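Trainee: Could you show me how to read helix packing, sheets and hairpins in a model like this one?

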Amino acid sequence: MPWCRTPLGPWLAASCFALTVYARSPGPQTLTAVPQGAIHVDVNRLVDSAGHSFLIRGTALPEFRTLLPADGADTPLGFSPYSSTVFGTIRQRRNMNAVRIPLSLADYAGDPDYLRAVADAIRRANGLELTVILSAPTSDPAFWRECSAFLRDCPELIFQLDAGGAAGMQELIHAIRIAGAKQPVLVNWQGERLPDDRNAIYLVSPRYATTRTDQDRDRQLAGLAERVPVLASGLDPELDATSGECLSLPADPSEAEALVEANLDYFDAHGISWVASEFRPGKLIGDYQRLLPTSLENGWTCGQPDHVGFGIGQVVQFHLWGAGMRGLFAVNAAGNFTLARGSIAIVYGAIFAEQDMHNRRNPPPTELGKVSVRITDRTGLPRKAELRYVSSGWGQANFVVPPRCVPGPALVTVQHSDGTTESASVTIADVAPGFWTAPADGRGPVIAVVRGAVPGKPPLDVPLYECKSGKCSSVAVPFAGNNSRVVRLFGTGFRYAADLSDIQVTVAGIRVPVLAFGPAGDAGVDRLTVRLPSRLRGRGEVDLVCSIRGRLSNVVRINLGLAASAPYHWDLPPGFPVPRVPADNPMSLAKVQLGRYLFYDKRISVNQTISCATCHRQELAFTDGKPKPAGATGQALPRNSMSLVNVAYSAALTWSRPHLRSLEQQALVPLLAEEPAELGMSGRVREFLRALRMAGTYQTLFPQAFPREPDPFTLVNVCKAIACFERSIISARSPYDRYHYGGDQNAISDAAKRGEVLFFTDTLAGCYRCHGGFNFSDAADSAGRAPVPVPFHNNGLYNLPGLFSYPPPNLGIYEFTHRPDDVGKFKAPTLRNIALTGPYMHDGSILTLEAVIEHYASGGRKNPNQDKRVRLLPLTPQNRRDLLAFLQSLTDDQLTRDPRFAAPF
């Protein structure tokens, strides 16, 4: 899809929806009402503290986890289901007013701060105008008593209960009420007798197979909805399973859409609340990065869970928008249908201009590519809009809402070159704030500038975002000492705010002073100036939200940097010691963050083609999946890329350098090595450091990481930062860890348990002799231990005739000791994540883990220097399978998705 660009950089475009939509006349659009204050039941209505009635229009989120990362946390900006970004999308772009949060009983039992984290998520959702429905798969009154007591002060909250029979349900309601919680309860009531609670909502689960007609719906719902408030749950056709729901859906996509729409229309007409499907990939959205709705348009296959593109997301969204599929619709910069006077907005659908055209003039024209857009406000007066961009086919037209439009219901009409027109309903308002972001997705790093940010340079506007090779990231606000910083944010839709008191801006949940607002010069572009107090410094990348006269902006990201003094907390489970850290390079959050950027930056190689991450990929436990890697110039390297997982515990840092003990020193090897060349920076360090000095990201990160140095841009500091990041890559969340350290007997299979016995029994496999301890390596080190010699082993991989039994140049530590009995001796690497790190051995000569087991079971090739512990093993075929299952249980899948270790660009 084409992108519109302002002189400020890319702004919103496909942030809303590259969608096709269905032909139907545009109806009036209504913003889904949100409650103001405490919710209660009035006969068959839900009302707020002011007595205003409302209906729930929501979606369900995945299970709320704290002991494991949430789904979606591995996306580039960490848009987990519980991020403010997702909450803002559900409210603004989906026009919903509620989310259902399922609780995890395992996390509740294992995390003493679980309910506190739940409360934080509820407050965050409420702050973005979302009521929360809290559910849990338990009928234990003690759970609900404790949970409701902790959350009884959250007014915009509903407890969803699950219990068998009327008596069990009544007991749960009683537990909540004696805890002092007055919020409504959502009950799955099967009997005719109503529960003894006036604040109860009734849960129903209509199925598509039995709701084909309004008569079907009347039989199930009409009578009940006249007596009590009803909430319909589910509404998901279960396309990811070979289910009755999926099979009952009409095979024709248009008929299926019509059936879903008919249910939603019925609920609206009968005052029934609903929660539609789930807000996760393969349900209402395709993924957590773009958050685009799924579609039934291209058909589907029941039981194809890997396909996340089909679903009812579009039908639900356009129902809530009052728009028609395959028609026309318009949005503002925040992604909803309220357009501000004088703002830039987007209309999607059949534009059909002569060609894709960007306007370069100011003011923009009212016709572009023989296409025009007009706004007809509630007075009936049509006004032509200035155009910023038009597309030649199905696509978009970016336009400026005429400032003289009267607030209220309106029509946006696109007139084509042949005189035909298409219209969409919108709402005109004085303000509807939305900020520009980079990339142009409406939810990434905010397009903003800070004045005079670079010491020693003339005052100028320095961007707080940076884009490189199509990837954009935020640049930290350069706080100086205890001084605040003035930041200018760019967007649209807020120039007609009455005064500064109308505008509220929160950063990391803290309200900050607004200094000025108004037009920025270009048509439709506005500027908002805020002051960030120094106490915000060091909070990293956080959410920024603006509210003007009760209208929310999109949720964007701003980087407050990492305070150099911020302590680094080791995230270590029981049984893991604290790593040894050099006295001259203590860990800090700022250094870890800087090291992460450097680790993934291709500027670190001579021709900018590879980075450290090229040979150490997160999804492969920081190996590269090749027998032997190649350097930046294509020269083959002699040894397999070792995993960097738990390298903080490594007493030796390469396959065969016995005296290389420091990660800081090791970082120089790939940087400066000439034969063979890896990163190839020998003789080019000065140019490399100059490039870092010129990059906006590093102009902030280096001084934060090394605040006491007059010139932090040194090769020593590059190595120190990379070393700190590498030390932070701790793997301790494998199934085996949950079994061995966490006591979860179901975390690993019976085969893996048998394999553990083999692994740790001398007379069977005895692998632990070289791969023992918490890190499954005898080359382990940690803080507080006295340094000991690092063992290196000859594992019988080769036995060549002649002077060297191992093929040169891989002669083991002999290359450094020149002792004949050291030929073929290499470090025993950690076995953590071993299933991800093949090919195996120092030269990548064994391709599979099964072949590794076979090599050791056969006793090796009887090398004269061979370690005595490498011997013929009495392993049966079942033993081999069990040992493999045990080794596979050491895989930490969370490590491969952890956003702390992912590319920051």
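Mentor: Gladly; we will take a few features in turn, and please keep in mind that this is a predicted model.

Trainee: Let's start with helices. At what angle do helix α13 and helix α14 pack?

Mentor: The general idea comes first: two packed helices are described by the angle between their axes and the distance between the axes. Here, α13 (residues 685–694) and α14 (residues 696–705) meet at about 95 degrees, and their axes lie 5 Å apart. Angles from 65 to 115 degrees count as roughly perpendicular, so α13 is roughly perpendicular to α14.

Trainee: Which residues make the contact?

Mentor: From α13 come Leu 692, Arg 693 and Met 694, while α14 supplies Gly 696, Tyr 698, Gln 699 and Phe 702. By class, the residues of this contact are four nonpolar, two polar and one charged.

Trainee: Which residues of helix α19 are buried?

Mentor: In α19 (residues 849–857), the buried residues are Leu 849, Val 852, Ile 853, His 855 and Ala 857. They pack against α20 (877–888). Look just past the end of α19 too, where Gly 859 adopts a positive phi of about 85 degrees.

Trainee: Now sheets. In what order do the strands of the five-stranded open sheet run?

Mentor: Strands of a sheet pair through backbone hydrogen bonds, either parallel or antiparallel. In this sheet the order is β14-β16-β22-β21-β17, with antiparallel pairing. At the edges are β14 (329–331) and β17 (357–358), each of which pairs on one side only. Take β17 as an example: two bridges connect it to β21 (residues 386–390), and the two strands run antiparallel. Opposite His 358 you will find Tyr 389 of β21.

Trainee: And strand β34: is it mostly covered or mostly uncovered?

Mentor: Mostly covered: of the seven residues in β34 (residues 526–532), five are buried. Follow its partners next. With β30 (residues 485–492), β34 forms seven bridges in the antiparallel sense, and Val 486 faces Arg 531 of β34. With β33 (residues 514–519), β34 forms five bridges, again antiparallel; there, Phe 517 has Leu 528 as its bridge partner.

Trainee: How many residues lie between β33 and β34 in their hairpin?

Mentor: Six residues separate the two strands, and in the turn Gly 521 has a positive phi of about 120 degrees.

Methods: Residues numbered from 1 in each chain as written. Predicted model: local features only at pLDDT ≥ 70, side-chain atom pairs only at ≥ 80, totals over all residues. Heavy atoms only, no water. Axes fitted to C-alpha atoms, helices over the stretch in contact; angles between N-to-C directions. Helix = DSSP H or I, 4+ residues; strand = E, 2+ residues; numbered from the N terminus. Parallel < 35°, antiparallel > 145°, perpendicular 65-115°, else oblique. Contact = heavy atoms within 4.5 Å. Nonpolar A, V, L, I, M, F, W, Y, C, P; charged D, E, K, R; others polar. Pairing = 2+ DSSP bridges. Buried < 20%, exposed > 50% of the residue type's maximum accessible area, 1.4 Å probe, protein only.
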